[in-house]
Amino acid sequence: MNLIMDALACGYGNHAVVRDITLTLEKGDVLCLLGPNGSGKTTFFKTILGLLKRLEGKIYLGGEDIKKWPHSKIARAIGYIPQTHHPQFPFKVIDIVLMGRTAHLGPFAAPSAKDTAIAEEALDVLQIDYLKERIYTELSGGERQLVLIARALAQQSPILLMDEPTASLDFGNQVLVLSRIRQLARSGLSIIMACHFPEHAFLYGTKALLFKEGAVFGFGSPERTVTEDNIKALYGVEVEIAEVYTKQGEAVKVCVPCNTNHHLKMSLGGLRNVQTA
Amino acid sequence: MKVQLAIDKEKKKVSPGTKIRAGRQLGFLVLLLVGMCLFSIGIGRYPVHPGEVIRIILSRVIPIEKTWIDTLETVVFNVRIPRIIAAVLVGAALSAAGAVFQGMFKNPLVSPDILGASAGAGFGASLAIYLSLSVIGTQALAFCLGLFAVLSAYLVGSRVRHDPLLALVLAGILVSSIFTAATSLLKYVADPYDKLPAITFWLMGGLSSMQMHDVKLALIPILLGAVPLYLVRWKINVLAMGEEEAQALGLNTGRLKILVVFCATLMTAASVSISGIIGWVGLLVPHIARMLVGPNYRVLLPTSFLIGGIFLLLVDNLARNIAAIEVPLGILTALVGAPFFIYLISRRRGGWS
């Protein structure tokens, strides 16, 4: 099922936070969304999910505009994975994952044995079935993120939206979560993921979308879109994009900030001046 | 649009252990409640032997040779049984309402009168006493003004677009304080020898002089509130994740929230209208239940209901037996509840994380 956006504008009230989003997401795509804080990434997600009214434009799913769809119908098509959070009550992991079945249940229904089987399958797919009976609020950040992904899998929606899935995770957990996300895309899911590292677009993305100051700054393949110039324009920092080769001889693009030493020297020099003054 | 989750390749076992354990716990609580009721019929100013209690009750159904005096039968059927049923109903209703409000507001410190039900009902009853209405009139006015208070809180809250849930709570506090002020005004102008003590006593909360028709009057709205809540109880879990997340999961949060607020308010107003203001039960019991069975409303809601009944019956037994005169129930629930709550929150995992 393709997700198509045509001149979409998102925002609050009459104020557009980001506008003119036109893109197509196909099966197996991982779209990496890059942009500084406050550039409208979360607003964009909320608009796709129907949590915010869209200001202009169209969103088509399988050829149909989703504007009038109820929450349950959208949820069956698009799963949302928020940043790791901390609910008030100590739910078990299996309870959290079962909530992914909400969109498939009638108004007075609770999950059946089949729903539980689907939830357990989702935990298996992410290889975290050992967490099933644990208390969600007592897990590490990486484990909680994986549980939220499992919940989205139990939702059985072909498209997943992830809001900075690796924010506040340590290095090991970042790699773990991102490699699982890549596996999911290879199994046929489409993913839109807000990233806070440009490198992630090279490592995991098939497409990249850049937001800057209320507009789309670039869209296309990561190689053509995530360039040194664009990063400078987006974040205001000089970077160098270089290729390194792994032991297997695979070329990997990395994004290294340059001039940091220069900045550091300047600020240290400033400090020294203050001390001598 | 199915994702590759091959469920059918092998039917997984659906953790039967958890379900059976939950069923056993609920069964145990039901037995405990029934046992407590029978025991409670026997104790009081006229002690009745437990065996005799059972024979007196059975004599209504099957012919049993009468070995007791008529007074005893009157005590059992006209005094104790209505009061015990009322204690169980009020405790259960307040606890279930408290449990769902805590989930809906994602806040474990919320009690069922958060939206002004108690303050409104208290004012209604005070007004009825002031106007010398009958007992039924008092209950009806308490019930109506309890509902009215919550409705006004809801209307005031819904005018705020920004953070509707917070606005609702603030509106509840606002409406509560207006009704509390109105009640104080009534007390100030009421006849100090006659009306003022009656109003004060009603506000303290209690179940003395409970009669079967009072119980019947409260039973209908309490059941009308309890049954829909029981049916949607699993979805309250999803609501506890927060409004936006629940919507992203496909829940129609607006409709569910209105249903939950309406049902929980119905139960609260109905209880307050027959028992007066009894604090702490609706705040405390959901915590005890959560400690026993966890936060999943599928089990938590019926558990809160049953434990609420047991708890208030226990406290009411104390109220009518610890002293020569009867202690008002509302005072006792606060005296028992507050220290118990301090104990709960000082434990590491006091029912919430």
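In chain B, 74% of the contacts (heavy atoms within 4.5 Å) between residues at least 6 apart in sequence join residues at least 24 apart. The model is predicted, so local features need pLDDT of at least 70 and side-chain atom pairs count only at pLDDT 80 or more, whereas totals for chains, interfaces and linings use all residues. Residues are numbered from 1 along each chain as its sequence is written, chains are lettered from A and ligands numbered from 1 in the order in which they are written, and side-chain values use heavy atoms, with hydrogens and water left out.

Chain B contains 14 helices and zero strands; helices (H or I, at least four residues) and strands (E, at least two) are DSSP runs, numbered from the N terminus. The globule rule is 2.2 Å times the number of residues to the power 0.38. The C-alpha trace of chain B spans about 75 × 55 × 40 Å along its principal axes. Of the 353 residues in chain B, 53% are buried; buried means under 20% relative accessible area, exposed over 50%, and partly exposed in between (1.4 Å probe, protein chains only).

Chain A has ten helices and twelve strands. Its radius of gyration is 21 Å, close to the 19 Å that the globule rule gives for 277 residues, so chain A is as compact as a globular protein of that length. The C-alpha trace of chain A spans about 70 × 45 × 45 Å along its principal axes. Buried residues account for 53% of the 277 residues in chain A. Among the contacts in chain A with a separation of 6 or more, 65% come from residues 24 or more positions apart.

The contact between the chains takes 55 residues from chain A and 43 residues from chain B. Together the two chains bury about 4200 Å², 63% of it on carbon and sulfur atoms; buried area is the accessible area (1.4 Å probe) that two parts lose on being put together, summed over both. Two salt bridges are found across the interface, a salt bridge being a side-chain nitrogen of Lys or Arg within 4 Å of a carboxyl oxygen of Asp or Glu. A salt bridge joins the side chains of A:Arg151 and B:Glu245 (2.8 Å, N to O). On chain B, helix H1 (16–42), helix H3 (70–104), helix H9 (233–239) and helix H10 (243–248) each supply at least two residues of the side that touches chain A.

Within chain B, B:Ser271 is located in helix H11 (residues 253–275). B:Ser271 counts as buried, at 1% relative accessibility. Leaving aside neighbours within four places in sequence, B:Ser271 is in contact with B:Val90, B:Ala93, B:Leu94, B:Ile222 and B:Gly276.

Most residues other than glycine have a negative phi. B:Lys106, however, has a positive phi near 50°. B:Lys106 is placed in the loop between H3 and helix H4 (117–130) of chain B and is partly exposed, at 34% relative accessibility. B:Trp280 has a positive phi near 75°. This residue is found in the loop between H11 and helix H12 (281–293) of chain B, and B:Trp280 is partly exposed, with a relative accessible area of 31%.
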